[in-house]
Amino acid sequence: MSVTATDIEDVESFTRRARRWLAENLPPAPAGGREMGAMAVVRSDEEELARIARCRELQRMLFDGGLAGICVPREYGGQGLTVAHQEALNREIAGYDYPAETQIPTFTPCMAVILEFGTEDQKRRHVPAILRGEELWMQFLSEPSGGSDVAGALTTAVRDGDEWVLNGSKIWTTGAWWADWALCLARTNWDVPKHRGLSVFMVKIHQPGIEVHRIEMLNGSREFCQEFISDVRIPDADRVGEVDQGWTVGVRWMYHERTVAGGSPYVTQPMGRRPARGAGGGSSLLRLARQTGRIGDRHARELIGESHALSLVGDAMTRHVSAGIRSGRVSDQAAALIRLFGGTREVRNASIAFELAGGGAVAWSEDEPQLGLAGVGYLMRQAACIGGGTTEMSRNVVSERVLGMPRERSGDRDIPFRDVPRGPAHA
Amino acid sequence: MFERTDDQQLFEETTRRFLEAELPLTAVRDLARTGPGFDRGLWAKGAELGWTSLLVPEEAGGASVSGNGVVDLALVAYQFGRHAAPGPLLATNLVAAALGRFGTPDQQAGPLAQLMAGEAIATWAFAEPPPHDELGEVHLAATPDGDGFVLEGTKSPVEAGADADHVLVAASHDGGVSQFLVPRAAAGLTATPLRGIDLTRRFARLDFRGVRVPATSMVGEPKQAAGGVAWLADLAVAVQLAEMAGAMRWAFDTTVEWAFNRYSFGRPLASYQEIKHRFADMAMWLEATDAIAGEAARAVGDDAPNRAEVVSAAKCYAGRYGPELVQDCVQLHGGIGITFDHDLHLFLRRVATDVPLFGTPGQHAARLTAILEAREASE
């Protein structure tokens, strides 16, 4: 990522190479575009597993074609190129089928954290396997006891010789039922303030002692999981970062998570040419308005245009803020602006789709599934402002870390974590 | 607003220092009480700094700083917004750009040279009153008459319409569009000053009643000006957006400072989560506006294929969130924010005035939908 030497492939020739390779190797994107976010179609388990298997294949093809891990150093299987090269790939890959569902959280935040904090051995063991599509990673981060307060983790790892014994529960892990590995934030010391008693571990998801329970969301999706962890033994070699210094890792982990909405050097996602991202997006809203006979209606046309504008502005802002972080114009905490924009944009898009679909969004016939998706997508609307860190947390980060405003008062600072109140006091 | 080159930084800094020295907000308020709202002497000095030459090709005597004159001009406009500075920056530059690109040698040697020297100012008469106010609509008519044309119709609102020396007017002409450069003093051309919300800018309604113009006053090819008019309109929006971004920045910075220094219930406003979260939203709107305004200026300056799309996305966004941001700044100031003494309203006026000019956010949103449809049809 930091390569600036002149002996690397220039962006123009990389772009030509990528364009040619993509045209010769990747199939076109599924017809009609693949909806993400709130308008996503809920797949059956068989369809989901088949798609994930396909994503692994596509990832392997990109790896063999020299287009995986653009900003990852060559010694870990990457290309050792720059953000400008990744952006070029993002432009060129628009319109092709690519491993969209397995980008996040594998490449960021998980691989990004491993690259930043992993030992040499950890990086060599995992990063090439990730780039080949052999390892899909998840985050064992949130816990049932607290959503936004991730540093308040109760899941505990106790040292036993060269191993750690892990107990507790994690939640909101997307796709844990088909993924391979997880980064896990766990408490290793209850006698110090909460941020000073955490450590990070690499955990194989499917092993005795980890029970993966799938959570049914209000739209019928069973993508999110909760894991129950009992006496799982982890070798100390799988610890990432120093003992009890897990929050040093955690801060960067949160940073990389905020780049999920855009701006990560490790994530491949189409950009620029098509308004494909997000709930609805220009093309699918056009289809929706045609279906409901409102395509000639001025108000409908303004709504569709507004959605497209948000998509273009979001992309521009992502480029702008990312460039600003690289040049030092703004702190890396400004990535929260991108996350905030992404969330509020998806919310607006879901509302626009709901409005365009009209009555069909609340009661639709068998042959009008798109209308129903707009309705169900509306019910799922807030997911975009909750998952990946709530927008309230983003607003805290922007105001406190970017604008320097006073921190919120908290009841857990400077006292041993075991003494932190975890519920109302009972007389 | 954008990543600047060293030359651009120097250029912008020169303009910033000039505006700070010559046009502090007290001077802006003083000028606002005068007829035209700006000072021709200061304007001529600004022209010396390059304000009116950036969009003119070198062959015609102009000079950009970076090779993309629209981005360079956007930097000046950004500083104009940040200082609520008066002066026909947009109006004059639109005409200079048109003459630089389409003007005859005579038009370039005469009026264009005057504009670049700051000796004359000009305006582009484009917008028309309802019901002819759809985006890009040109209803005012040019009819051939002997070796010239007769212009008949109304343009409104026209910035600096009463004070400009030259008026570039877009006219429908036999199924096409033609543009003419008309002296403000032409017989049959009357300017009626309009009242407006912006204290620093003047607008007028221009009535063309049988205005006779010679064929040599045409700018560009007969009936072929539709493309040039669309380009000028996008150029206008790009410059306007930079100005809005600058005004938004002033309001935001001023209000952040206020929130740190104003105490209620024993704590600064900036310590209340509700208020912090609103600042976070404003920071997002501001950063997004900066980003898309920068891309719009670049796209127009490069004549990029996606020029119209980026410009409309930018106006659609900034036209909604720009005034929202300044209004929120007013709200966070409380009562003082709606007084005449506080400077905030100078910036609120500036941003609000830019919202409907050269296309409302809704009109630009609708244009985006048309662009999407055209793209689908071509795929």
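Reply: In this predicted model, the contact between the two chains draws 31 residues from chain A and 32 residues from chain B.

Me: Which elements of chain A give two or more residues to the side that touches chain B?

Reply: They are the helices α7 (281–291), α8 (298–327), α9 (335–357) and α12 (391–402) of chain A. With 17 residues, α8(A) supplies the largest share of that side.

Me: How do the residues on the side of chain A that touches chain B divide by class?

Reply: There are 17 nonpolar, seven polar and seven charged residues on that side.

Me: How is the size of an interface often given?

Reply: It is often expressed as the accessible area lost when the parts come together. Here I have described the contact by its residues instead: 31 from chain A and 32 from chain B.

Me: Let us turn to the domains. Where do they lie in chain B?

Reply: The assignment places domain 1 at 6–120, domain 2 at 124–217 and domain 3 at 226–378 of chain B. Taken over C-alpha atoms, the centres of domain 1 and domain 3 of chain B are 22 Å apart. Their contact involves 21 residues from domain 1 of chain B and 24 residues from domain 3 of chain B.

Me: Which element gives the most to the side of domain 1 of chain B that touches domain 3 of chain B?

Reply: That is α4(B), with eleven residues. By class, this side of domain 1 of chain B has 15 nonpolar, five polar and one charged residues.

Note on methods:
Residues numbered from 1 in each chain as written. Chains lettered and ligands numbered in written order. Predicted model: local features only at pLDDT ≥ 70, side-chain atom pairs only at ≥ 80, totals over all residues. Domains from an automatic or database assignment. Contact = placed C-beta atoms within 7 Å. Helix = DSSP H or I, 4+ residues; strand = E, 2+ residues; numbered from the N terminus. Nonpolar A, V, L, I, M, F, W, Y, C, P; charged D, E, K, R; others polar.
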